[in-house]
Amino acid sequence: MRAGPLSNSQIITLLNSAFVPVYAVNEDYSRNGSAPAEEKAERDRIFKEGYAQKRSVGSVHVYVLRPDGQLFDSMHVAEAAKSEKLLALLNKTVTELKPVSGKPVVPPEPQSCRPDCATDALTLHLVARSLDGRGAWSEFPVEDWIVLSGAEVKKLLAAQKFAAGATWTIDKELATKMLTHFYPATENNDVAKNKFERQSLRGTVISVRDGVARARLEGEMKMEHWFYHKPDGKYVEATVVGYVDFKPTTKEIRSLRLVTDEATYGGGKFGIAVQSMEAH
Amino acid sequence: MKSLVLLSAVALSSLQVEAANPAASTREDAWVEQRVQQLQPQAKEKRLDEIGWAKDIRAAIKLAGEHQRPVFLFTHDGRMNIGRC
């Protein structure tokens, strides 16, 4: 949907001018999901109306509601993912319901946002992009947000002393927390299912200048990552390189960059870029 | 003695201790930075951001009533906002 109809100019214009668009993540609406009970009840109510009206109902679906919240129509994602089909549904809705058109009811804003976190935490933004269109989905790059707590930041910078040439191995648990997100766009995004066959990440202080140290980060990994949610023998193999600028006295990180040099998955090549993000 | 240690530490930091192989590290750092920029999502890959999404279903229905517009609801697995879906 994201690469197809939700990137279509006509559909974007129609959604903004005549609808109130919303998306709902099924995981949030599951029994243990983070959505409030009232929100879950609202989604269930829409499903029930769909069944009562003998319309198409499912967890990955498009639903159109009347301005009073009652179900008007629905469409399975296999159909809705075709721009012409979704456009037809939207146009039919506009023709029949004659909504008040105008500016977007909610101003558009970036949907991938830095998560809220403690002031001493380090927020890392990760981008994964297919480099050859093989082995993984490649319509657009995917992202992750990784938050290291203040204690984890201290653990990341674990050298005995920060003088040029000093080296240290980065805590395995901490390296895992970052490297487990090093995979391209796949259906399976449950990192708990990832299994490392090997991994290493180490730091070497390259320079100390004006109270700021720069350390080079280097490592490599081999991690089992299933494309779908069942074993398929697919592995990520990657070498990584980067650097981190920090104050040796306080272990406060100024900047961190970590990228894959060579990375393969499922017969294709992909790239990962991680960068620290400043608090807004 | 403590003063001597402190003095040495201050002197060390002001001496700007350089890399054993600064040329190699500079090249690598520049490459890393370039790689980070190259891999970033382009605006055309994030057209989802051009749509004014409501916060949740209840908020959408409330706004729909206020503005007399239908709700477009897409339910899905994974995280569409980051592409991990």
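Predicted model: local features only at pLDDT ≥ 70, side-chain atom pairs only at ≥ 80, totals over all residues.

The residues concerned are A:Leu86, A:Leu90 and A:Thr93. Because they cover an arc of only 55° around the axis, they lie on the same side of H5(A). On the other side of H5(A), the residues A:Glu84, A:Thr95 and A:Glu96 are exposed. Burial here denotes 20 or more other C-beta atoms within 10 Å of a residue's own, and exposure 12 or fewer.

As to its geometry, H5(A) comprises 15 residues, numbered 83-97. The distance from its first C-alpha to its last is 21 Å, close to the 21 Å expected at 1.5 Å a residue. The residue that follows H5(A) is A:Lys98, which has a positive phi, near 45°.

The contact between the chains comes next. Chain A contributes 73 residues to it and chain B contributes 51. On the side of chain B that touches chain A, two or more residues come from each of helix H2 (22-39), helix H3 (57-67) and strand S1 (71-76) of chain B. By residue class, that side of chain B consists of 23 nonpolar, 13 polar and 15 charged residues.

Strand pairing also links the two chains: strand S1 (residues 20-25) of chain A runs parallel to S1(B) and is joined to it by 6 bridges. Within this pairing, A:Val22 has B:Leu73 of S1(B) as its bridge partner.

Conventions:
Residues numbered from 1 in each chain as written. Chains lettered and ligands numbered in written order. Contact = placed C-beta atoms within 7 Å. Helix = DSSP H or I, 4+ residues; strand = E, 2+ residues; numbered from the N terminus. Nonpolar A, V, L, I, M, F, W, Y, C, P; charged D, E, K, R; others polar. Pairing = 2+ DSSP bridges. Expected span 1.5 Å × (residues − 1). Arc of directions from axis to C-beta.
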